[in-house]
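Welcome to this tour! Open your viewer, get your selection tool ready, and we will go from stop to stop together.

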Amino acid sequence: MEHIRTFYSEIIDTSRGPVMVEGPVLPENLEKMTFHEDLAAFRPAPQQFKAILGISKLPEGRIIVCRQDQLVVGYTTFVYPDPLERWAEGNMENLIELGAIEVINDFRGSGLGKAMLRVSMLDDAMEDYIIITTEYYWHWDLKRTGLNVWDYRKVMEKMMNEGGLEYYATDDPEISAHPANCLMARIGSRVDRASIEKFDRLRFSNRLMY
């Protein structure tokens, strides 16, 4: 499968000044940027920057960033699912995962998360993919936001809805481990019926019969 990328951008006015939301960002352009030290939800910022730079070099990898000048204050990643996850078992070339979305605390509530999803989906090539995201409450910043798991999930669902992702049922053990966890997905308009059926089998692969 040929992974076509078309660059888009949008300027978002925030209380801390305008922010450029753009992508998919080429590796050579990403290398010129600086990663904000507070982008550390998953690992220390320098390590996370190295990780997203690696994703940007993958054939299917897509990185959307929020930046002020050359300082990255938010990012979103799209990449094939981890080989150890159920979603990789189907070896589907047209299934990619929204793997991470992060915005520094100073810009929370500025609409940057929604803007990154909007910009991501402007690319017509996204109509060729099934895009999934797995939401686990233990990844959520409940302490800093003061939200409970259900209110935080509502926030996440609203943000994902901006990119056309909707709730999908699944029997995946990790997602089923807590009722606030969920699978969300967007099925592109050009995805064939066979791929949709394969995705459905992945969603319910614990069933004895499908």
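Is Asn-91 buried or exposed? Select Asn-91 and show the surface: this residue is exposed, with a relative accessible area of 67%. Before we go on, please keep in mind that this is a predicted model.

**Stop 1: two loop residues with a positive phi**

Stay with Asn-91 for a moment. You will find Asn-91 in the loop between strand 5 and strand 6 (95-103). Its phi is near 50°, which is a positive value in a residue other than glycine.

Now select Asp-69, in the loop between strand 4 (62-68) and strand 5. Asp-69 is not a glycine, yet it has a positive phi of about 55°. Asp-69 counts as exposed, because its relative accessibility is 67% and the cut-off for exposed is over 50%.

**Stop 2: a buried residue in a strand**

Next, select Thr-77, which belongs to strand 5 (residues 71-79). Thr-77 has a relative accessible area of 4%, so it is buried.

**Stop 3: a histidine in a loop**

Move on to His-36, in the loop between strand 3 (34-35) and helix 2 (45-56). Although His-36 sits in a loop, it is buried, with a relative accessible area of 16%. Zoom in on its side chain: a polar atom there lies 3.0 Å from the backbone nitrogen of Asp-38. Not counting residues up to four places away in sequence, His-36 touches Ala-45, Leu-71, Val-72, Val-73 and Ile-104.

**Stop 4: a cis peptide bond**

Select Gly-23 and Pro-24 and show the backbone atoms. The peptide bond from Gly-23 to Pro-24 is cis, with omega near -5°. Pro-24 is part of the loop between strand 2 (17-23) and helix 1 (27-30).

**Stop 5: a pair of helices**

Now highlight helix 3 (residues 112-122) together with helix 5 (residues 149-162). Their axes come within 7 Å and cross at roughly 30°. That angle is why helix 3 counts as roughly parallel to helix 5: the cut-off is under 35 degrees. The crossing of helix 3 and helix 5 is right-handed.

Which residues meet here? From helix 3, show Gly-113, Lys-114, Leu-117 and Arg-118; from helix 5, show Lys-158, Met-159, Met-160 and Glu-162. The residues of this contact between helix 3 and helix 5 divide into three nonpolar, one polar and four charged.

As you look along a helix, remember a general point: an α-helix has 3.6 residues a turn, so residues three or four places apart point the same way.

How many of the 11 residues of helix 3 are buried? Eight of them are, and helix 3 is mostly covered. To see these buried residues of helix 3, select Leu-112, Gly-113, Ala-115, Met-116, Leu-117, Val-119, Ser-120 and Met-121.

**Stop 6**

Finally, select His-178, in the loop between helix 6 (173-176) and strand 9 (182-187). His-178 counts as partly exposed, at 22% relative accessibility. Show Tyr-137 and Val-149 as well: His-178 touches them both, not counting residues up to four places away in sequence. Then draw a line from the C-alpha atom of His-178 to that of Leu-122: these two residues are 56 residues apart along the chain, and the C-alpha atoms are separated by 33 Å.

Technical notes. Residues are numbered from 1 along each chain as its sequence is written. This is a predicted model: local features need pLDDT of at least 70, side-chain atom pairs count only at pLDDT 80 or more; totals for chains, interfaces and linings use all residues. Side-chain values use heavy atoms; hydrogens and water are left out. Axes are lines fitted to C-alpha atoms, for helices over the stretch in contact, and angles run from 0 to 180 degrees between N-to-C directions. Helices (H or I, at least four residues) and strands (E, at least two) are DSSP runs, numbered from the N terminus. Angles under 35 degrees count as roughly parallel, over 145 as roughly antiparallel, 65 to 115 as roughly perpendicular and the rest as oblique. A crossing is left-handed if the near helix is turned anticlockwise from the far one by less than a right angle, and right-handed if clockwise. Contact means heavy atoms within 4.5 Å. Ala, Val, Leu, Ile, Met, Phe, Trp, Tyr, Cys and Pro count as nonpolar, Asp, Glu, Lys and Arg as charged, and the others, Gly among them, as polar. Buried means under 20% relative accessible area, exposed over 50%, partly exposed in between (1.4 Å probe, protein chains only). A polar contact is a pair of N or O atoms within 3.5 Å; within protein, one must be able to donate a hydrogen and the other to accept it, and residues adjacent in sequence count only if both atoms are side-chain atoms.
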